[in-house]
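Here is a friendly tour of one protein model, from its core to its sheet. Please keep the viewer open as you read.

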Amino acid sequence: MAVLAYSLGKREINQHFTIKNAKLVSLVLVILLFIFHTASRYFGGGDSCEWLLSSGRYLGENVWQPYGCMMHKYKSMEAKTCLSKKRVAFLGDSRIRQLFHSFIKVIDPGRRDGGVKHEDISFEEKSSSLYVDMLWYPEANNSMKERLISWTHEGSAKPDVVILGVATWSIKLHGGRSETLQQYKVNVTAIGIHLERLAEHGEVYWVLQDPVNEEVLSKDRKMITNQQLEKYNEVAVDALGGSKRLDSSRVKLMSAKRQAALETIGQTSDGLHMPESTVDVGAMVLMNAVCNKLLRPIDGSCCQTLPPPNLFQKLSACFFVSSALVLLTIHILGNNRQHRPVPPDVESLGEKKPSTAAAPLGLKAPFQALCRMGVIMAYFYLCDRADVFMKEQKFYTHSTFFIPLIYIFVLGVFYSENSKESKLLNREQTDEWKGWMQLVILIYHVSGASAFVPVYMHVRVLVAAYLFQTGYGHFSFFWLKGDFGLYRVCQVLFRLNFLVLILCVVMDRPYQFYYFVPLVTFWFVVIYGTLAMWPQILQKRANTSGMWHLGVLAKLLGLLVFISVFAYSQGFFDSIFSVWPLSKLFELNGSIHEWWFRWKLDRFAVIHGMLFALIYLLLQKRQVLFEGKGETLFSARISNLLLFFSVITFITYSVWASKCKKKSECNEMHPYVSVVQILAFILIRNIPGYARSVYSSFFAWFGKISLELFICQYHIWLAADTKGILILIPGNPSLNIMVSSFIFVCVAHEISLITNDLAQVVIPKDTVALLKRVGAVGVLALLVQMMTRDSSPAHGT
């Protein structure tokens, strides 16, 4: 009964939740969310600067998350660059003095509080001509007003940034009387006029008062109550314009530090002064408010102004609009809709042609595909280049990584099916393998799990396993079929690179930014070159003489030498890939360091996959393996022995990875030991006959679109070029991740279909026509590279 209910349950789910219905729902969701966020910005009047200064929450103990945007953690050099040749002035009491010291600590981490109280303090950074002053004005009175007036005179040295805020001394000195509150209002109103004038030429921030811990206040401070502070804050907000202020140059109210203090007030030692970590939040908020619009850090979306679209982005928009107009014209002329074939998976072993040939695509189909791609690219742009949707930073906890991991593996087991074949690493199994690996990598990225070294090392093995499959799959294809034709090469290169090349233009990113695609493209070319060069050794030829097997081994040995020369001679590596136009493909921020790091990290994975494919195919040919349904792969004794060693090896690697302390040290070992974990998994998964005979259709479905999932996550699931998380549903992290994930998966699947549609049109089977198109694409690529040769490099990962 349980099995029957299980089967009926899956059938009911699959009947109602089809991918077509899911895509329609996702499209409606995107439209509704776009309207919601646009209306919220327009009618709510809030922007990311206001969110930064006014509200947020703690992620963990010390990580502050502003509402709806990302706060960059500034380092000394960045702060000096931003504030170079500027004057910053803090005016206020001991609480402002605390903020001053935290602000200075960002600029000069080695500086300590000198213990100076109740007097002015000056700080000078000579190398950047930066001056920061703390001016002791514990009350909003005539003395403060006169100082502000002096800065408004012509020819005076005006501060570029002014930070001030007072109240506690007024309450303390005058016993919290109501008359003092009225006088405070008059004084702040009068001061506000001069602050407005200063704000015309610089930036002015009024810091609202933090709460106090009334229970631990000293006797002479007992009159400073939270009720009194709230009244003074209300007066300051009202006197300085409050929410009625529309001009961005007006005095800005900073209440984020107060929000942080509300959660940490219990940690204060004297009840009045906040813990250092809380004051540091205020200093970093100020840094982001002042510097983000100047330095434009990728992970600092708060207070950033958006750059206008560049020439190529405008041209891409025109191209997609033109495609829509052509489609409309064709539709009016009455062309019928063409059949849309299911895309083959070029990265999987044993590509299978459909039993019946699909009808050739008509004129309408490619323009339909381009229009769908244009809509999707508009969504990409809105998510990660336009100021429409919100972004927040990642924060790793064990629960954010491991709980979703458990969920997806439960789903994977729920959707288990019988395999159509039981060969080692059959098509369904490799799709399953790619699928669950991709889902783990996605959870790893969205949870920020790279901060946890053991998880990082295990995910590194998954990336190596992808490259292992690349070597295994392509070697097997060439060895068995011997198809080295240009059509096959262009098909693979197009499917690997189509989406990335579009994103490079639309999102203004360099090719190397999407590092995995350059990596698998490079290795495909290397595999092709190794096997296609004379003499071409195929299975048919090797069957005639065993000497040809030595020839294959010689080619693999030559490839190993090639890898070793590159790996142990960084200068040689740099000299090759730094040459134009290769440099345009492999540089990031004007350097090939990222390419060197990525290439070197998994440099042996592909050749391991090729060697494994050769050994497996030879054993299969000699009928050494037992690959029937339910049969163990080897004899019982050998199978048990290999399973035992595989399990021990698998556990040993996990223990070693769990004890890793430094990424750099573990990365040095990774290229040599990752293959052990990969082989252990393959044997555990394939030796038992029952394990080879089943697979997870859930994981396999994701495996078929794994490349699209990996690339799309950069901008429509993650945000700020992977540095943050896209926020479609603000205020509800769980619902947000479900909605954004649903849309993200639907988009990735649609892109895989679009790629297939366009591949059939762009890559003709006729060799002469294909050569002409390859030549045209080469000339176009060269022209584009020449046009962008002197352009400034884009931001990296």
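Which residues does Trp433 touch, not counting residues up to four places away in sequence? They are Leu425, Ala465, Phe468, Gln469, Ile678, Phe681 and Ile682, where contact means heavy atoms within 4.5 Å.

A word on the source: this is a predicted model, in which local features need pLDDT of at least 70 and side-chain atom pairs count only at pLDDT 80 or more, while totals for chains, interfaces and linings use all residues. Residues are numbered from 1 along each chain as its sequence is written, and side-chain values use heavy atoms, with hydrogens and water left out.

Trp433 is also among the residues with the most contacts inside the largest nonpolar core, together with Tyr379, Phe380 and Trp599. A nonpolar core is a set of buried Ala, Val, Leu, Ile, Met, Phe, Trp, Tyr and Cys residues joined through side-chain atoms within 4.5 Å; buried means under 20% relative accessible area (1.4 Å probe, protein chains only).

| Core | Residues | Including |
|---|---|---|
| Largest | 149 residues | Tyr379, Phe380 |
| Another | 48 residues | Val106, Phe123 |

Now for the sheet. Two strands pair if DSSP finds at least two bridges between them.

β5 pairs with β4 in the antiparallel sense over 5 bridges, and with β3 in the parallel sense over 6 bridges. Met134 in β5 is the bridge partner of Ile121 and also of Phe90.

Methods
Buried means under 20% relative accessible area, exposed over 50%, partly exposed in between (1.4 Å probe, protein chains only). Helices (H or I, at least four residues) and strands (E, at least two) are DSSP runs, numbered from the N terminus.
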